[in-house]
Amino acid sequence: MKKVHLTCPKCHSKALLRPASVIFGDKAPDPSAKYYVCARYPACDCYVSAHRRTHMPMGTLADPALRKKRNQAHQALDRLWRSGLMSRTQAYRLLQLHLGLPPEEAHIAKFSMDRCDQVIAFCRQIAKSAGLAS
Ligand SMILES: [Zn+2]
C-alpha cells in the first residue's frame, strides 16, 4: 500500500489514517470506513474519507464549513441523475466539462468552497432548464 503524506490545510499538521470511530464514536455510519484526520483533531476539526480498498484519500481535508458545502454540492449533483435526467457518469462528465477539469480532478471531495458554489449553481441551472421542481 502506498504511503500517503497529507497535511491539514488549516493548521498544517500531519493527517493520520484513522478509523471512523475516532470521529463518530459508536455512531459511525460505516464503522469499517477510514478517514484522514488532522493530527490535532478534535481541536482542529478537519478530515476527509479514504478509499475503502486503496486507503488513498478521496480529496483534501475539510473543516465543518467545507464539509457542509461539499455535501450540498453532492446533493445538487445527485439530484440531476437521481431524477433520471442523465446517468451518474453523465452528470460527472458534464460537471467535469463545465469546470474544465481533468477526470481525476473532478471530484467534489477535492473542491474548495468557491468550486462547490460553482457546482451548485451549475446543477441548479440544469435542473431549472430541465423543468425539475426545485
Ligand atoms: Zn488541522
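Accessible areas are taken from the Shrake-Rupley method with a 1.4 Å probe. On that basis the chain exposes about 8400 Å², of which carbon and sulfur atoms supply 53%. The structure is a predicted model. Of the 134 residues of the chain, 38% count as buried. The C-alpha trace spans about 45 × 30 × 30 Å along its principal axes.

The chain contains four helices and three strands, and its elements follow the order β-α-β-β-α-α-α from the N terminus. Among contacts between residues at least 6 apart in sequence, 43% join residues at least 24 apart. The side chains include 22 positive and 9 negative ones. The centres of these two sets lie 2 Å apart.

For four tetrahedral donors the ideal angle is 109.5 degrees. Cys 11 belongs to the segment before β1 (15–19) and Cys 38 to strand β2 (residues 34–38), so this pair ties together parts that are 27 residues apart in sequence. Cys 11 is partly exposed, with a relative accessibility of 22%, whereas Cys 38 is buried at 1%.

Two further residues of the segment before β1 were examined. Ser 13 lies in this segment and is buried because its relative accessible area, 15%, falls under the 20% limit. Leaving aside neighbours within four places in sequence, Ser 13 is in contact with Leu 6, Thr 7, Cys 8, Cys 38, Ala 39 and Arg 40.

The backbone of His 12 has a phi near 65 degrees, a positive value in a residue other than glycine. A positive phi near 65 degrees is also found at His 55, which is placed in the loop between β3 and α2. His 55 counts as buried, at 18% relative accessibility. Pro 42 lies in the loop between β2 and β3 (47–49). Most residues other than glycine have a negative phi, and most peptide bonds are trans.

Helix α2 (residues 64–82) includes Lys 69, and Leu 77 is found in helix α2 too. Leu 77 is buried, with 0% relative accessibility. Not counting residues up to four places away in sequence, Leu 77 touches Ala 91, Tyr 92, Leu 95, Ile 108 and Cys 123. The C-alpha atoms of Leu 77 and Ala 127 are separated by 9.6 Å, although the two residues are 50 apart along the chain. Lys 69 is likewise buried, with a relative accessible area of 18%. Beyond its neighbours within four places in sequence, Lys 69 is in contact with Met 113, Cys 116, Asp 117 and Ile 120.

Definitions and conventions:
Residues are numbered from 1 along each chain as its sequence is written. This is a predicted model: local features need pLDDT of at least 70, side-chain atom pairs count only at pLDDT 80 or more; totals for chains, interfaces and linings use all residues. Side-chain values use heavy atoms; hydrogens and water are left out. Helices (H or I, at least four residues) and strands (E, at least two) are DSSP runs, numbered from the N terminus. Buried means under 20% relative accessible area, exposed over 50%, partly exposed in between (1.4 Å probe, protein chains only). Contact means heavy atoms within 4.5 Å. Lys and Arg count as positive and Asp and Glu as negative; His and the chain ends are not counted. The place of a charge is taken as NZ of Lys, CZ of Arg, CG of Asp or CD of Glu.
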